[in-house]
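Please walk through this structure with me.

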Amino acid sequence: MLDVSSLTGDMSDHADDHELRILQGNTGQEGEHHHDEHGEEEPVDTTVREHALDLATVREKLRDKSGKQYWRTLEELAGNPHFDELLHREFPRHASEWDDAVDRRGFLKLMGASLALAGMAGCGMPDEKNIVPYVKQPDGMVLGRPRFYATAMPFVGDAIGVLVESHEGRPTKLEGNPDHPSSMGASSAIVQASILNLYDPDRSQTTRFAGEIQTWSSFLEAAQGLAAAAKSQNGAGFRILSGTIVSPTLGSQIKKLLTLFPEAKWHQWEPASGDGSREGAKLAFGRYVNTVLVPGKANVILSLDSDFLASAPGHIAYAKQFSRRRKLDSPSDTMSRLYVAEPTPTVTGSSADHRLPVRASDIELLARALAGKVGAGPAATLPAETEKWLSTVAQELQNERGASLVVAGEQQPAAVHALAHAINAALGNVGTTLYYTDPVETEPESNLESLRQLCADMGAGKVETLVILGGNPAYNAPHDFDFLEKLKKVHSSVHLSPYFDETSAYCNWHIPESHFLETWSDARAYDGTASIIQPLISPLYYTKSAHDVIAAFSDKPGVAPYDLVRGYWTDAMGHSEAAVEAGWKKWLNDGVIPNTKFPAITMTSKWSASSLPAFQAALAGQIEFIFRPDPAVYDGRFANNGWLQELPKPLTKITWDNAALVSPKYAEKMELEHKVMARGGEHGQVRSRVLDIELNSSKVTAASWTLPGQQEDTIVLPLGYGRTRAGYTGTDKGFNAYVVRTSNALWVATNGKVTSTDEGYSLACTQYHFNMEGRQLLSSASLAEYKKNPGFAHEGVEAPPKDDSLYQEFSYPGYAWGMAIDLNKCNGCSACVVACQSENNIPVVGKDQVMRGREMHWIRVDRYYAHAESKTNDPSTYNPSLDNPETFFQPVPCMQCENAPCEQVCPVGATVHSAEGLNDMVYNRCIGTRYCSNNCPYKVRRFNFLRFQDWETPQLKLMRNPEVTVRSRGVMEKCTYCVQRINNVRIDAEKQNRPIRDGEIVTACESACPSEAIVFGNANDPNSRVAKLKAQQRNYSILSELNARPRTTYLAAVRNTNTDLVKE
Amino acid sequence: MSAPEIPLNSHPLYNPEPEPVLEPGHTYASVTDKISSIVLTRPLGIGWLAGFTLAFSIVMMLFACLAWLITKGVGIWGINIPIGWGFAIVNFVWWIGIGHAGTLISAILYLLNQKWRTSINRFAEAMTLFAVACAGLFPLIHTGRPWMAYYMFPYPSTMGIWPQFRSPLIWDVFAVSTYGTVSLLFWYVGLLPDLATLRDRAKQKWQQYIFGMLSMGWRGSAHHWHRYQSAYLLLAGLATPLVLSVHTVVSFDFSVAIVPGWHTTIFPPYFVAGAIYSGFAMVLTLCIPLRKAYKLEGFITMRHLDTMAKVMLATGEIVAYGYFIEFFMAYYSGNKFDVFLAEQRLHGPYSHFYFALIFCNILTPQLLWFKSVRRNVPLLFVMSLIINTGMWLERFVIVVISLTRDFMPSAWGRYSATFWDYGTFVGTLGLFTMLIFLFVRGLPAIAISEMRELVHQESHGKEGHV
Amino acid sequence: MAQIFHRSANYLARFSLLGAAVFAGVALTAVLVVARSPYITNQNVTRDQPIQFSHKHHAGDDGIDCRYCHTAVETSAYAGIPPTKTCMNCHSVLFNNVGYLEPVRESYRTDQSIHWVKVHRLADYVYFNHSIHINKGIGCSSCHGAVNQMPLMFQASPLNMQWCLDCHRNPEKNLRPKDQVFNMDWRAPANQDEIGHRLAVENKIRTTAELTSCSTCHR
Amino acid sequence: MSETRSQLYGVMGEFESPEAILAAAKKAREAGYKHITAYTPFPVEDLAQTIGFRWTAVPLITLLGGLGGGLSGFALEYWCSAIAYPINVGGRPLNSWPAFIPVTFELTVLGAATFAVISMLALNKLPQPYHPVFNVDRFARASTDKFFLCIESRDAKFNLAECARFLQSVEAQHVTEVKDEE
């Protein structure tokens, strides 16, 4: 298939503009696009029709044609029967991807996709549908039954084990792998969304040289040439730049290469995960050490600006362990207690029992003081208020020696980490609530210094060949490094990346990177456990993995990744092919390689806190700018992912944008009011003031956003936005914070100048109103109160008793499906939202539609600030209660009310009750009066105001879950408790004539939830988990006075507050 | 001139010094001639042509809006979640309300034996039909899939599914279609003798044919009249409860739902009163120019305007009472959602709509207490326009404001209409006007035979029959 | 005034009014009838297939079991259309050079799928599952008719929702002993009512309320 | 009109006022004529009774129509919701009769109204665009300002000369014979 690659990339260029329109919810634009675009007549040589085609001829025909002409020619070719046949011949694989509902046109369009031949979409289609069976059906495949494969998603110093649901060879959904340490069966929003990246039509599709399409083989030749050149001078001038690498195979490949080129250098750069933890460990122990937390064993946790529940390696596992310690079955149960000191609210901070807003730079002072208090270093003096807080915490940490835990944040400097190590050691926590292992990453080093050195060499013209494995330094390198200018001095540069991005544009060679579901590889989890990454689908385009690229420069070019991985593990298993052969199948099946978890090592401190230089506290009132990865698009690598772009960020609830986060006090001072717009309003569109930020001798214009709970003098600049070459979805969204980020102030910057402009910027915010208006929506109490009054959630609301009706009520003798959501565990991470989107084919509607209040998420996570007040309901109007409000999250799916208000008002019976108590939604009966939505007190119904679904883009067709109807324009939709999963499990159970077991049905949101907050099951079965939860006194239903009898109920949140810190 | 032997109490609207409902000196022939000539002989004036052309072009715009709507979907409007209903439903309720005056005048006043109804009932009924036509458009087009709207009718489908009769929307379907049909019948029956008149007076053959067919060969024989009157009386008797039921059912769309601001028991009476209120306002809006243009002051006298003004005043007060009760019940019940909504109406983002509504519907009509105002035709005309606006605002307040602030603060939103919302609304105004224009030139705008009867009564001091 | 209409106009007028009413009624009925007719349901329509495959020959005369080709019918939602390989199992030796089987051999040679024309088409929003019906004792022929009598395949049942409901409301009419499920010639015995009820209990057939809940078939 | 063979339908006289025709009709009845018809531009009280037409079936038919409409309405709703496809809607009972009242009411009115109108037309033998009386030229005024009395030839006592004389005797003007063309 090599040659065909020469057809593709160019067209993908043109395709880019159109294929993704739909992701923007920009309906009515699809379909004839390519014809519109390339419609005009041009003389075309039709001799090609005469004789049968082979790809060589096609290439011949297309050579030196470009743009419109190129398309005309392709459309000519598309008309040629031989060409069609050729496609079948060249892509038999795709033929096998179809279930039996495909028609010829769809099939050709799929071909079109892999050739980016969307011009063929116009082909006529026969009125009858066709069945396209396999020629030779793969072994073990049963049509219509999904299969699950274990693999792992490598992600910044971690690998998250996943099970991939695959329908007839199409991966459609990711689930956590219960056997994998960093997943434990759960996942995160990013993991859930990564499947969309696989099918993203904007992905780069072919190798290019100087922007022109080239074949992989021509790159191989070039690479060998470069290698030879490098070899001749011992590798001097040969550089590799990669992200953090946790793939043992890739690591060893690179190291082997470096042995070939002794003078060559390998640099690493991860823009959003700091060097602090690395260098901190080195500072404390004299060598790089990996820290593994065991929050499950901790009774008291202090987080020093660490968002360990929602980011950084292992966070899913940590969230799981932590939530298990927040489990309350009865008032007699105990809970762990979480203290968080942080500059800006995070998911972790919001779950804290006590949270202290501290500026990022003062965290170190806090750490020093704490060290002093626990005897791990010299004492330090704190402001009175903080002092009181910290001494209470210190006291408690000491009371819980060996069962306490202090965690330092990724973005905190080495010193804080070193102090944390010292404190944990002093508290005797090492070995219980945390332990140390060898580094997980192949080659730990200070990323900042590494990149600094590379840039220096590049600047000095010392770099002949630069191979960039993933990453996007042109976009995310500190701007004082001036990476781009220096890159121009590099003689030949190679960039491997999934998109033709900011960096690719300036490199000679661009190699499209395979998605992790497309290639063989391996990766280590945060605790060292290794997994084999197996391909679930052969590459949709002509993409390659880092293994291929490194191999291309090695002495054995063109070795397949599979052989490399096999080879590495053969060596690792003591060079015994047999051992690997024996284990291989099981490794793939389980998704983990047994006994590869790193053993705990004992470290002795080679450092004392007293050796720290004197601490310079920042001037009071001085504004501090801090850089943070975005909760959705992270460092920008997910910018083109529509699901993540449209995911409301846990705290701000903003979608499609980032904003400079400011504190209410600062907002009041600068008069940065929020203006709720008439269209969409509180649920959709808020206009906020635009700020000009001058920082580090550079300038950026950003929309401001007032965030309650943020430290007064802190402004957060979230990274990852303002991409210029992200693709249709991600380009030109938000502002680019990297522009004002310099190497000397990588995380915390001061001496900036903020000027508030008089212009406004409309942000798509899905939940603006932050208080509960005294309604019983989210009920919470302190542990003490709960013990005193376990039924607190039911106070002040009188729900009508069950037998109050004049009429005879319906009974549910069989299964009664129900859900219980433990607000004590939910930390708002929003994994459920994306999981639901992926499972239920929920469309992305785009910023404009979100601003009109039309996002389609079936489950939303409401964020409330208890007791927060503001006379204008605008956090920008300051009120002390906004300084550090108690934050709660409440996932809201359809409540599946037994007395559903929506059902009674539907004129056509499109939403009615099932015999098992589900509130069925029948799309094909719905005529779209929207009466049900009006009458739904929980507002969980979603309406297809326009044609939001993409019916054209073939890649997205492949991604759809065939078990769920794809809704079209004009119909209402909503959460169904994943009825497709219920039905499939029930059918299997019935075939065996047995009842459904508890936990056999897992809804998408439930399985994704890292903190086990969501439990689904049969409420009729007293032994089911859900029934037990519903039996708890904490269990209540929202707005119970309406007597809608929701099947989804909530367990009231309980905060384990420390009475010493409660202000009188 | 009404007869002294009639006891005072036998006329609910008895007027001690009644002035004529018909200018004196008219004969059977003269009324017949004056009214039928408008249809038969009078040439099309510039005014009519200009007005009609304008109305027609607006209707074309309506079609454009509908075409775009069908192509793209209801998303082109301002609606969203939580505000699932916007202009479409507001307009629907407004139009259907206006559509109440006609049947009310012809039916209820007929039963109440009000002579003054005679000269206005015909075009009031016509207005009803056209208003219902405009109203009927909206429930159809506001659905996400209008081409599936037939699901709302009970027909034996291959799916074996039937409409859901607990839904007020289904009640609407039946109420509105019944109302349309009965109004049409009522109107047509009333027209029969006049069509015969036109047939007999027509000069051109084609006119004779058309009116001849429409009049079904009416001969005005005593037998005809006998059955005719009996049927007409029955229709009046049926239309009276019907007219009350229709807006009650429309109010159920809201009061049956649980949304705060919708779920109130005051709605049925207060919707009906509001309907009559806006209906009469619209009758005034139409008949004031009409009597001027076609010199019908002799038939539509000050007495008519005065009485209609009084009816507006009365219904206006009922509506005011409705507003008051909404607030009263909110605080009296202490229901936190209702209380909150009540306050939102006064202080929320849409308060200006509410105050505008109070001005139009409560303050303005108080002027009608004064005879001088009721007699001031231009002022009356302006007030009728203000009240029409006010009633539209009332529906906006009910539909939209309630939805913007319901149970879950997290889901609160706001609404603002788009170009297409306005386009569709204005379009129906055009449609209505165009139909009125066609009507006044195509059919007798005043019931001729009833006028002749009136001449008879007036000249013989005899009271109305029945 | 002169008479405008001829006397015949009386009859014309009355007749046309009556006629209009009658026509409306007839038209409505016609629509409802057509909606149930093969014209819409595609019932009993045979379609041209790339290969004139005869179920009568294979299932009837040769007595090959349904499951030999439709392998997934007991385990999956789809019965499964056999891959070319399945045909070649026999036809690599039997009739291995007759012309009308060339498309099969070609497909096998060139690794290109045979494009069969769909005969049974359910609407996309209906989720029919073969396996559960088979396992609960609904025979193939209950829906597909006597396939072993069909030289060319056609859709034997209307496959509209009303038809599905008829069985979901009282399945016992069609329940058979498990061993009869694949028997194309099975006919309901005289005592089907009693047998049906017994089987319904044995196979734990769900209640009508459950079987007629929307989400049983629609998602 | 004289060319075509025609038969006599009756004799018709014209009057100026309701009172005049009322008086004439009385006299005609007293004179023993059974088949008399009066044509007036608007309903004249007692006229129908005077010429011997009292009872009409319209109200009864209307009542039946109303009952039919209402009953079928409720029956439809009950059957759809409780028998044809009984399904749990928002926990409401299958027979939610209070919710069925509005439709029942509307259909009652619809049935009654339609039947009232149809019966009125049918009993009046409408549509009937052709009728002998239209042959009389002056009859056009019957829908404007003149009142006509017609003694039909099917009356047992009918005799052209006598009837004409009789009509003149009650001050009828323009007494003409009404011809019915074949």
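Predicted model: local features only at pLDDT ≥ 70, side-chain atom pairs only at ≥ 80, totals over all residues.

Residues are numbered from 1 along each chain as its sequence is written, chains are lettered from A and ligands numbered from 1 in the order in which they are written, and side-chain values use heavy atoms, with hydrogens and water left out.

Begin with chains A and B. In chain B, 62 residues are in contact with 62 residues of chain A (contact means heavy atoms within 4.5 Å). The two chains bury about 4900 Å² between them, 55% of it on carbon and sulfur atoms. Buried area here is the accessible area (1.4 Å probe) lost on putting two parts together, summed over both.

Four salt bridges cross this interface (a side-chain nitrogen of Lys or Arg within 4 Å of a carboxyl oxygen of Asp or Glu). One salt bridge joins Lys336(B) and Glu1041(A), at 3.0 Å from N to O.

Now the cores. A nonpolar core is a set of buried Ala, Val, Leu, Ile, Met, Phe, Trp, Tyr and Cys residues joined through side-chain atoms within 4.5 Å; buried means under 20% relative accessible area (1.4 Å probe, protein chains only). The largest core has 366 residues, and Tyr938(A), Phe254(B), Phe432(B) and Leu149(D) touch the most other members. Apart from this core lies another, of 62 residues, including Ile363(A) and Leu612(A). Leu149(D) touches Phe15(D), Ile36(D) and Leu167(D), among others, not counting residues up to four places away in sequence.

Definitions and conventions
Buried < 20%, exposed > 50% of the residue type's maximum accessible area, 1.4 Å probe, protein only.
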